[in-house]
Structure formats: C-alpha cells, structure tokens
Amino acid sequence: MKISIIGSTGSIGRQAIEVVQKMQGFFEIISLTGGDNIDLLREQIKLVAPKNVCVKSEENALKLQKEFPKLNVVFGEQGLVDIASDKTNERILVSVSGKTGLKPTLAAIENNIDVALANKETLVMAGDIVMARAKEKGVKILPVDSEHGAIHQCLSNREEVEKLIITASGGPFRTKTIEDIKNASVEETLHHPRWNMGKKITIDSATLMNKGLEVIEAHHLFSMPYEKIQVVVHPQSIVHSAVEYIDGSVIAQLGFPSMHIPIQYTLTYPHRFEGIETRSFDFVKAGRLDFEEPDMEKFPCLKLAFEAGKQGGTLPVVMNAANEEAVYMFLNGRISLWEIYEITAKMMEQHKNILNPTLDEILETDMMVRKSLVGSVCKN
Ligand code: MG
C-alpha cells in the first residue's frame with residue numbers, strides 16, 4: 001500500500017512510522033511531512049526513504065535538499081497540499097495537530113485518496129463540507145482517534161442505533177477539585193494518566209475539550225445527532241467506545257490502551273494484522289472497569305462543545321480556534337488553565353454565527369478569532 005504521512009514527527013506520526021517498520025514490505029512511503037523538527041525528519045528519511053518531504057520553512061527545505069539531493073523537498077502550506085494531492089498515494093495519514101489538517105485532508109479527498117484522519121480539528125471546523133465531499137468522491141475517512149475507531153468497528157446498521165457512547169479517561173484532574181484545576185501548572189496538566197500524546201491534545205484532555213471535539217467529530221463521522229451521543233468517564237481506558245442499538249444491546253470495542261492499534265487499523269483497513277503491542281486481552285487482568293458521569297462544572301469545556309456542535313455553523317470554528325490559541329498561551333505560561341475555558345466561552349458569546357458557512361467563511365472566521373486573541377493578550 002502506497003501511503004504518505006502528513007505530520008510524521010508528531011506523536012501519531014512517529015507511531016505510524018513504527019507500524020510501517022514493523023510491517024516490512026506492506027507499505028511504501030511516498031511522502032513525509034514535518035514541521036521544523038528536521039533532526040527527527042532526517043532520521044525518518046533515512047529509515048523509510050520517501051520520495052517527497054515537506055517542512056514548514058523554506059530555510060529548512062533548502063537545508064534538507066542539500067543533504068538529500070535526490071529527494072523532492074517542498075515547504076509551507078502549499079507544499080502540504082501538493083503532497084496530499086499526489087495521486088500515487090492510495091491512502092494518507094493526516095496526523096498534524098490543529099487547523100493545519102484541514103487543507104491537506106480536502107486536497108486528498110479531491111484526488112480520490114482515502115484518508116486515515118487523526119486530526120479532529122478538521123471535522124470540528126468543516127465537518128459538513130469534508131464529509132459531503134468525501135461521500136461525493138467515494139473517499140473513505142477512517143478515524144484514527146481511538147474512540148471513533150472503536151465506534152467504526154461497532155457500527156453496523158445506522159438506522160438501528162440508539163446512541164453512541166464515547167468514553168473518556170477523565171484526564172489528570174478527574175478526582176481534583178475546581179480550585180486544584182484553577183491553580184494547575186503546565187507540568188501537572190501535561191501529565192496524562194493513560195495516554196502519551198502531543199502537548200495540544202494532552203492539554204485538551206485535561207480540560208475535557210478533547211472529548212468535546214470528539215463529540216463533534218463523532219457527529220460528523222457517523223452523521224449522528226448530538227442527542228444520541230453520550231460521554232461516559234471510564235478511567236481505565238479499556239472500553240474505547242461503544243454503540244447502543246434500539247433493542248438495548250451494546251457493542252463495545254475493548255483493548256489495552258495503545259495508539260499503535262488504531263493507527264495500524266486505519267492504515268490496513270479492512271484487514272487486520274498482528275501489531276507491535278499485540279497481546280491477548282485478559283478480562284481478569286483488566287480487572288475493574290468503572291464508569292461515571294462527566295462533571296460539567298469542573299470541565300465546562302465539554303458543555304461548550306455540545307453547545308457549539310448543536311448550534312453548528314461557524315460556532316465550532318470559533319470554539320476550536322479560541323481553544324487552540326488559548327492552549328498555546330497556557331503552554332507559554334501566559335494564562336491559567338481555567339482561562340482556556342473563559343477565553344473560549346467569551347469568544348463564542350461574541351460571535352455572530354454564520355449557518356451553512358462556505359470554506360472561505362470558515363477560514364476567515366478562524367483567522368479573525370486567532371487575530372483578535374493574539375491582539376487582546378498583547379494588550380494585557
Ligand atoms: Mg481520542
């Protein structure tokens with residue numbers, strides 16, 4: 001299978017390379033793209049010998065081109081789009097973080113290339129457009145997110161579905177008080193109890209915004225109304241998500257937590273293969289499985305996401321952009337963890353919603369929110 005990895009130096013991208021290495025001969029890597037971590041990219045180039053590489057800056061592109069004269073090196077947003085449009089690909093993995101995923105995903109769809117999608121922001125921003133276009137083109141969108149991968153495996157007849165049950169580990173502050181959360185340091189917030197992930201998603205997991213984004217993602221992926229999507233906190237992260245049918249039967253997907261498994265499944269779908277961490281599941285070893293209601297007072301970002309999703313239009317775009325910018329401000333020590341929620345809520349409140357937005361309106365809204373936030377923080 002000929003594939004490309006858009007975002008190979010991030011957490012998902014690195015694990016995808018491990019999957020490719022493990023399955024010697026199954027994959028041919030056409031292109032890799034990374035931000036500006038060219039040290040890691042250099043190692044990956046030597047390891048999987050891609051034909052094309054894209055980096056963020058022209059300067060790094062020139063550097064790599066000199067070192068690897070046979071490699072086609074491109075850069076910037078257009079470079080990503082060109083790489084995602086390359087029809088040599090049978091499937092691409094979009095594993096960049098934040099809004100960067102949207103354009104390459106659309107480019108792949110336009111060129112009839114199936115997408116293993118690890119970037120939930122793409123669907124939060126433009127789920128209606130992306131899914132409609134994928135349907136028209138007959139392109140598969142295969143969710144890498146472990147919850148959606150689980151639902152994808154549990155879902156048979158959509159008409160008979162009562163609800164989707166998305167599980168959440170609850171993050172590092174599940175048992176903490178609101179005061180603890182308000183005073184949380186960057187270090188504490190980055191310490192996720194179950195999953196080892198990139199920084200943006202780890203912060204989102206601590207505020208439960210990640211679960212909120214996943215609810216919107218699920219709504220688009222499985223065309224399910226928000227009333228039929230339930231979030232359940234499950235600290236052991238063994239049940240990755242479930243589908244309840246109208247007769248009360250529940251089909252869930254279980255396994256020990258590992259991102260290698262859902263990454264490999266989306267790359268090899270519809271087939272399954274032995275994986276890096278394949279071990280027989282043991283109910284006895286898994287032991288106790290707990291489930292509880294998410295606390296919307298302690299984690300109001302989840303409430304925001306349900307609101308944004310239900311209202312639709314450009315409101316999820318505003319929420320996503322405000323949250324993403326606020327997360328980076330928090331990581332840079334400029335605001336507290338709680339202010340991520342406050343800033344996002346305020347931006348949503350001020351927004352005049354545009355229903356059924358075009359792609360241009362979506363991108364414009366996204367840019368406006370980011371600009372106004374950068375401005376407001378500079379003034380403080
Ligand atoms: Mg997830």
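**Entry 1: the largest cavity**

I began with helix α16, which gives the most to the lining of the largest cavity, with three residues. This is a predicted model, so I kept that in mind throughout. I looked up how many cavities of 30 Å³ or more there are, and the count came to one. About 60 Å³ of space lies in this cavity. I noted down its lining: Ile181, Ala206, Thr207, Lys298, Phe299, Pro300, Cys301, Leu337, Trp338 and Tyr341. The elements that give two or more residues here are α10 (199–207), α14 (300–311) and α16 (337–350). Sorting the lining by class, I got eight nonpolar, one polar and one charged residues.

**Entry 2: the magnesium ion**

Next I went to the metal. Which protein residues are the donors of the magnesium ion? I found Asp145 (OD), Glu147 (OE) and Glu214 (OE), lying 2.1 to 2.2 Å from the ion. Along the chain, these donors follow the spacing D-x1-E-x66-E. Glu147 sits in helix α7 (residues 146–154) and Glu214 in helix α11 (residues 209–221), so this pair, 67 residues apart, links distant parts of the chain.

The cut-off for buried is under 20% relative accessible area.

**Entry 3: helix α7 and what covers it**

As Glu147 belongs to α7, I looked at the rest of that helix. Seven of its nine residues are buried, so α7 is largely enclosed by the rest of the structure. I listed the buried ones as Ser146, Glu147, His148, Gly149, Ala150, Ile151 and Cys154. What lies over them? The cover includes the strands β7 (141–143), β8 (161–168), β10 (239–245) and β11, together with the helices α11 and α12.

I moved on to the second largest pocket, which has a volume of about 560 Å³. Of the 27 residues that line this pocket, I marked Gln253, Ile261, Pro262, Arg272 and Thr278 as the closest to its centre. The elements that give two or more residues to the lining are α7, β11 (250–254) and α12 (260–268). Which of the elements gives the most? It is α12, with six residues. By class, I counted 11 nonpolar, 13 polar and three charged residues in this lining.

**Entry 4: helices α6 and α15**

For a helix pair, I picked α6 (residues 120–137) and α15 (residues 315–331). Their axes come within 8 Å and cross at roughly 145°. On the α6 side, the contact is made by Glu121, Val124 and Met125, and on the α15 side by Pro316, Val317, Asn320 and Glu324. These contact residues divide into four nonpolar, one polar and two charged.

**Entry 5: Arg42**

Arg42 lies in helix α2 (residues 38–48). Its relative accessibility is 19%, and therefore Arg42 counts as buried, given that the cut-off is under 20%. What does Arg42 touch, not counting residues up to four places away in sequence? I found Glu67 and Phe68. Arg42 and Phe68 are 26 residues apart in sequence, and their C-alpha atoms are 9.2 Å apart in space.

Terms used
Residues numbered from 1 in each chain as written. Predicted model: local features only at pLDDT ≥ 70, side-chain atom pairs only at ≥ 80, totals over all residues. Heavy atoms only, no water. Donors = N, O, S within 2.8 Å, 3.2 Å for Na, K, Ca; no water. Helix = DSSP H or I, 4+ residues; strand = E, 2+ residues; numbered from the N terminus. Axes fitted to C-alpha atoms, helices over the stretch in contact; angles between N-to-C directions. Contact = heavy atoms within 4.5 Å. Nonpolar A, V, L, I, M, F, W, Y, C, P; charged D, E, K, R; others polar. 1 Å grid on protein atoms, 1.4 Å probe; cavity = no way out; pocket = protein on both sides within 12 Å on 5 of 7 lines; lining within 4 Å. Points joined across faces, edges and corners; volume = space filled by probe spheres on them. Buried < 20%, exposed > 50% of the residue type's maximum accessible area, 1.4 Å probe, protein only.
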